[in-house]
Amino acid sequence: MKAMLLMRIVSLRDNPEPLTLEDIPVPEPAPDEVLIRVSTCGVCHTELDEIEGRTPPSVLPMILGHEVIGRVAETGERVTKLEVGDRVGVGWIFKSTGDDDENISDEFVATGRDANGGYAEYMTAHERYAYRIPDCFTDYEAAPLLCAGGQVRPETLRQSFASPERDAPSRFFRRHPDRRRSACLSAPQPRAPAPRFPVA
Ligand SMILES: [Zn+2]
């Protein structure tokens, strides 16, 4: 698969193109993970901090990107809540404890910093931290909402997507009153086009 890799910490002032397009194997999902075919991945300022070393990746090379939308392409053997074809999003928390303080826990693993993220054709994600996305959002609308996975607990994010009038997406619905929950439940969006990568 194609993936954009950060190979080393650099200054963006000196290296305006810090990521390298590589062909690497499609990852295998662990038993409690899903394999996601990525359609969209937002770009966050945190990635600049990763590239320049203010919050450096725990290993290099690393695939950045924590505002990921895609469809489940494969499920690990212990996955029970997601199925192949489900549209899901992955945010900043790749994996943690599941406790109330999981977003500040020492066991917190960050998507695209400590585990490969969404600047790739495929990524794996833990079932607990892959959120079903309501049909009323296009991939492009939903992707940046996933950034909130670092500031709010995953359970809140999950409930927000399940009840889109609550919490994080509520501002979206205030700005787009035509897309109230009923519209959300009844108007599936067309699938996003397949990802396009520049030819190396
Ligand atoms: Zn972010």
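Modeller: Before we start, helices (H or I, at least four residues) and strands (E, at least two) are DSSP runs, numbered from the N terminus. Residues are numbered from 1 along each chain as its sequence is written. This is a predicted model, where local features need pLDDT of at least 70, side-chain atom pairs count only at pLDDT 80 or more, and totals for chains, interfaces and linings use all residues.

Colleague: Okay, where is proline 57 found?

Modeller: Look for helix H1 (45-52) and strand S4 (62-63). Proline 57 is found in the loop between H1 and S4.

Colleague: Is proline 57 buried or exposed?

Modeller: A residue is buried if 20 or more other C-beta atoms lie within 10 Å of its own, exposed if 12 or fewer, and partly exposed in between, with C-beta atoms placed from the backbone. Proline 57 has 22 other C-beta atoms within 10 Å, so proline 57 is buried.

Colleague: What separates the C-alpha atoms of proline 57 and aspartate 114?

Modeller: Along the chain, these two are 57 residues apart. In the model, their C-alpha atoms are separated by 5.8 Å.

Colleague: What is the mean pLDDT of the protein chain?

Modeller: pLDDT is the predictor's confidence in each residue, from 0 to 100. In the protein chain, 74% of residues reach 70 or more, and the mean pLDDT is 84.

Colleague: How many helices and strands does the protein chain have?

Modeller: Count the DSSP runs along the chain. That gives 5 helices and 10 strands.
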